[in-house]
Amino acid sequence: MSLTTLRTASKRVPRAFSPLSVNVHTSHPARKGNKVSPGGVTADTDPESDPKKGGDGFFGSLLYGSKEAKAAGLIEPSHQGQHSKIVGRGKYVHEKITHNVIPSKRNEYLAAAEKYFRELIDHNGEFGRVKLTGSWESVVGTVGEFTHILEYEGYKGYDETNKALRGSKEMQSLQSQILPLINSRQHQIVSEFSFWPSSPPHDSGYPDGGIFEMRSYQLQPGKLLDWEYAWRRGLEARKRFVQPVGAFFSQVGQLHEVHHIWQYPDMETRKHTREQAWSVGSWSDTVQETVKLAQSMKSTIMVPCPWSPLK
């Protein structure tokens, strides 16, 4: 075979490509013959970093979900390719409803909304067993907004509830009393993170239910698994000092959005508990990762409505 022929043939041979050979989130260059994970640990030699071996290192958690989630039965093998099924709890579906109320109609809105949601709570068996997680009024942030979070037994429960509500003359009448009092409304379907289930209904004993902070993050597309990995550790640091209420990621509506909800007795306590978190080493790591993954962040201070199951 001539030299020209050999050169031509070599051009036709494709180079093998290994996805794990790509240097992800690390400044350490890939060494020949090794697949490098963050921090310079080679996946070939460290089974804890090898997702195929079920390791709980970075790659094992990032690509296949954390070991804790697997142990809790929250991840099914057939679902390992879909991010929402890896990080989500899966048992329930939640709906985050936001009403922007006409400022002069606040008191009328409170009265009308209380009638609507109390009726929903008292007769939830007739409406697909929907539950009200909580209702809050924003006092810092977009003032005049009211947030309501409903819990359904999966998408089947969501469908059953909406069908029942549309067929209920009583609920339609109560809703018609709310609509003239708002400027706009937004509905978003969200799921719980597997490591952070929503708090059950409770009365904290704080005066007037204390305050709730909802921190909303607009993530870069494709970064949900990274977020789950960082916050699984971050929650362990934060919950030593504060009561976590819930964490949700969007499924329908505004996508790539995450909401964390915390409860404090007052703003002064919020300040101190956030400062205390810095005494835990893993918290600084979580903050650094958060900055990398989020495009924007928003903090809203809310107070519970009189009928809210969470106070």
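Is W227 buried or exposed? W227 is buried, with a relative accessible area of 0%; buried means under 20% relative accessible area, exposed over 50%, and partly exposed in between (1.4 Å probe, protein chains only). The model is predicted, so local features need pLDDT of at least 70 and side-chain atom pairs count only at pLDDT 80 or more, while totals for chains, interfaces and linings use all residues. Residues are numbered from 1 along each chain as its sequence is written, and side-chain values use heavy atoms, leaving out hydrogens and water.

**Helix α8**

- Helix α8 covers residues 224–238; helices are DSSP runs of H or I with at least four residues, and strands are runs of E with at least two, numbered from the N terminus.
- Of the 15 residues in α8, 13 are buried.
- At W231, α8 bends by about 30°, the bend being the angle between axes fitted to the seven residues ending there and the seven starting there.

**Aromatic rings**

- Rings of Phe, Tyr and Trp (its six-membered ring) pair if their centres lie within 6.5 Å; planes under 30 degrees apart count as stacked, over 60 as edge-to-face and the rest as tilted.
- By this rule there are eleven aromatic pairs.
- Y152 and Y158 form an edge-to-face pair, 5.1 Å centre to centre with 85° between the planes.
- The ring centres of Y217 and W227 are 4.8 Å apart and the planes lie at 55°, so this pair is tilted.
- Because Y217 lies in strand β5 and W227 in helix α8, the pair ties together parts that are ten residues apart in sequence.
- One aromatic cluster is formed by Y217, W227, W231, W262, W278 and W283.

Technical notes
The expected span of a helix is 1.5 Å times one less than its number of residues.
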